[in-house]
Amino acid sequence: MMGESIKKVCVIGAGVMGAGIAAQVANAGIPVLLLDIVPKDGTDRDAVAKGAVAKMLKTEPAPFMSAAAAKLVETGNIDDHLDRVAECDWVVEAIVERLDIKQALYAKLEALKRPGTAVSSNTSTIPLEHLVEGRSDQFKRDFLITHFFNPPRYMRLIEIVTGEHTDPATANRVADFIDRSMGKRIVRAKDTPGFIANRIGTYWLAIAVNAAMDQGVTIEEADQIGGRPMGVPKTGIFGLIDLVGVDLMPLLAKSLSSTLPAGDPYFDTVRPMPVVDRMIADGFTGRKGKGGFYRLDKGADGSRTKLSLDLATGDYRPTETPAKLTGGADKDLAALIAAPGKVGAYAWAILGNTLSYAAALVGEAADDIVAIDDAMTLGYNWKFGPFELLDRIGPKTFADRLRAEGRPVPAILDTVGDRSFYRVQDGQRQYLSLDGEYADVVRPDGVLLLEDIKRRSEPLLRNDSAALWDVGDGVVALEFTGKMNALDPHVIALIEEAVPLVRDRFTAMVVYNEGSNFSAGANLGVALFAVAMGAWGEIKKLIAGGQRAFKALKYAPFPVVGAPAGMALGGGCEILLHSDAIQAHAETYAGLVEAGVGLVPGWGGHGEMLDRWAKAPMMPRGPMPALGKVFEMISTAKVSKSAAEAKAMQILRKDDGITMNRDRLLADAKARALAMVEGYAPPEPPTFRLAGESGAVGIAGAVADFHKKGVATDYDVVVAGRVARVLTGGEADPVDIVTEDALLTLERAAFMESVRDSRTQARVKQMLETGKPLRN
């Protein structure tokens, strides 16, 4: 792989972006040198870079995926250590957005770096051709722009810009590293102001704010109309501005206004904003300040009242809930823009302008519509890109309305005519190119996506909550398909149906899906309904069925590889624990969280974690050390903040793999499964020597201390006691051998005791209604 030629990286500039980029390089397991200026005061010349690392170690969400990653960052300063760029294979510049300062740095770098070492800028505003003015031909060959998005760990987009002199091999080497090792999806942008995402995104926000002010739309109405119906994150328009910072608006306006060509529609959005100026002056800069367009007002009694800014007066008032959208406007974009009154007018003001602007940039800011759609879905978390939105409205309908209003129609809308921008031909997704012909959407080498497989095939098995797919080479993928990929009787039934089918016709299985989260665990709604009906027998059947199905996977005559991404909670974590191996996306958040809602793991989680910790390297022998680790993890409902942390928690074993790029997870998991096929044999069932009643008494004492300190609630103590009873083997003696099945029996009993308890039922009910835990 080309990315493997990058063995060390230097990041110059330890601000939020530079430090975040350095952290993500370290997350990839690559040493990184982080440099910044020498501070004016103090004796520590490396204080700026050191301070940036120290700050990141306290930041939430965390830039580092593990403590080990943080140790890969070496700090220094530009005056004393710039010559060390000669050790590095890639130098990233992330200093202040001033051309003269950047050019002065490049002049120094040119004399110090090795020829062929890539240098890239994280600039979002300055054209590449200006950055390399006065540099040698070699430097120009080695130079490109790598525009990361904030925060660099979590945002999957990177825009890469090359110049006419950039060596393609150098650019590809950096791109390959960013893709495979840093986990980003590459969007190739042209050397134009704002590139793609920020140019369209800034225009979109400006249009939305201006239209709300002009049309008398409240910020709550704006976020309702311009939010989920358009596939925008639940923050909506004004909530998003609060998130990124209200003070960023005038800075972006100034930056783009200074670089965009005359006549660009963006200039029509630039106007005095006294309301925004006043907010910034008063410290209402968004969530990072005292609040923004929304803020929380704390009363004398400690209560909190949500307030919203009145755009007309600039004063705050209590937040109001807008009337529900009607006539299908909440689900149908065509209905939304055609809705009567302010709803349709505001929706059209946003979409009519933003989508026209995006359409006009094809060929100017990007070579094709796919790059623009990827930039907006990955950079601004839109559910659909601009051209996917146009397809949902109907390109001809959209263009006809522009013409009827006497507005210019972008050329690509004339080109598409009454067709769509995307289509599926013989199972292959295609996009409309500038020449009017359709071209295949081509994935990067080594990327395998289930969404592509599903376009060209039918499932081997399917029911309401799960499906089984042939992903090639004798491997199948088990996919969860319900809400939040929750596990229910349908999933269990499909697993039990899948095992004999795979045994007879295939060689391996991966458990994988492309939802936002791998699985949120058991479907609590189904469980609560069963409780309300008094269907205790059905609940018993569900728990026993889950244990049986997960054991069927564990002891199947073929390898099973779990491939999680996002949340893998409760039962979602337990299915991973029963897999032969795990190939996890780096952003995997796994844990046995049942105690949070008053339950205990019911599908084998206790035994699987005990077995993992007992076999962990450096773990002291005897029943108590492993017991202590597992009890703490389960009773506190601990969730890993990364796959690396899940490995430290023993959810992932030492030899389990981590994939940085989500798009490569299925291919990596499939390769892992195929590598296990030859000579595969199911694992031997574990046996346990547990601490028995004396161990349970010791745990109870520790829990009592936490209760006395106010850390554990009354019911936490009860739930912890049930967990301890399972983990210590109930009435077993430390000299007894406890089988896996015996532990599962204890687990079922503890689960049923928990689910019958009204205090558990209250916790589950509140979690389903509010998403927040009840501390009873």
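Reply: The structure holds four cavities of 30 Å³ or more. This is a predicted model, in which local features need pLDDT of at least 70 and side-chain atom pairs count only at pLDDT 80 or more, while totals for chains, interfaces and linings use all residues. Residues are numbered from 1 along each chain as its sequence is written, and side-chain values use heavy atoms, with hydrogens and water left out.

Me: How is a cavity found, and what volume does the largest cavity have?

Reply: Rolling a probe the size of a water molecule over the atoms shows where empty space is left. On a 1 Å grid over the protein atoms alone, a cavity is a set of points where a 1.4 Å probe fits but cannot get out; a pocket is an open set with protein on both sides within 12 Å along at least five of seven lines; lining residues have an atom within 4 Å of a point. Grid points are joined across faces, edges and corners, and a volume is the space filled by probe spheres set on the points. Here the largest cavity has a volume of about 80 Å³.

Me: Which residues line the largest cavity?

Reply: Its lining consists of H578, G604, H606, G607, E608, P686, F688, E740, L743, L744 and E747. Helices (H or I, at least four residues) and strands (E, at least two) are DSSP runs, numbered from the N terminus. Helix 25 (605–614) and helix 31 (740–756) each give at least two residues to this lining, and helix 31 has the largest share, with four. For classes, Ala, Val, Leu, Ile, Met, Phe, Trp, Tyr, Cys and Pro count as nonpolar, Asp, Glu, Lys and Arg as charged, and the others, Gly among them, as polar. The lining of the largest cavity divides into four nonpolar, four polar and three charged residues.

Me: How many residues line the second largest pocket?

Reply: There are 29, with A520, G521, A522, L524 and M767 nearest the centre of the pocket. Several elements supply at least two residues each, among them strand 20 (566–569) and helix 32 (758–770). The largest share, three residues, comes from helix 22.

Me: Now single residues. Is R199 buried or exposed?

Reply: Buried means under 20% relative accessible area, exposed over 50%, and partly exposed in between (1.4 Å probe, protein chains only). R199 has a relative accessible area of 1%, so this residue is buried. R199 lies in helix 9 (residues 197–215). Contact means heavy atoms within 4.5 Å. Beyond neighbours within four places in sequence, the contacts of R199 include L256, D264, Y357 and E364. R199 and L256 are 57 residues apart along the chain, yet their C-alpha atoms are separated by 7.7 Å.

Me: Where is T285?

Reply: T285 sits in the loop between helix 13 (274–281) and strand 9 (294–298). T285 counts as buried because its relative accessibility is 13%. Leaving out residues up to four places away in sequence, T285 touches D242, G245, V246, D247, I280 and G291.

Me: Is S694 buried or exposed?

Reply: S694 counts as exposed because its relative accessibility is 55%. This residue is in helix 29 (residues 692–708). S694 and P734 are 40 residues apart in sequence and 9.0 Å apart in space, C-alpha to C-alpha.

Me: What is the strand order in the open sheet of seven strands?

Reply: Two strands pair if DSSP finds at least two bridges between them. The order is 15-16-17-18-19-21-23, with mixed pairing. Strand 15 (461–462) and strand 23 (657–659) are at the edges, each with a single partner strand, so one side of each has no neighbour in the sheet. Helix 21 (residues 489–505) packs on this sheet, touching strand 15, strand 16 (466–472), strand 17 (475–480) and strand 18 (508–511). The direction of helix 21 makes about 30° with that of strand 16. Axes are lines fitted to C-alpha atoms, for helices over the stretch in contact, and angles run from 0 to 180 degrees between N-to-C directions.

Me: How many bridges join strand 17 to strand 18?

Reply: Four, and the two strands run parallel. V476 has M509 in strand 18 as its bridge partner. From strand 18, A508 and V510 point one way and M509 and V511 the other way, and all are buried.
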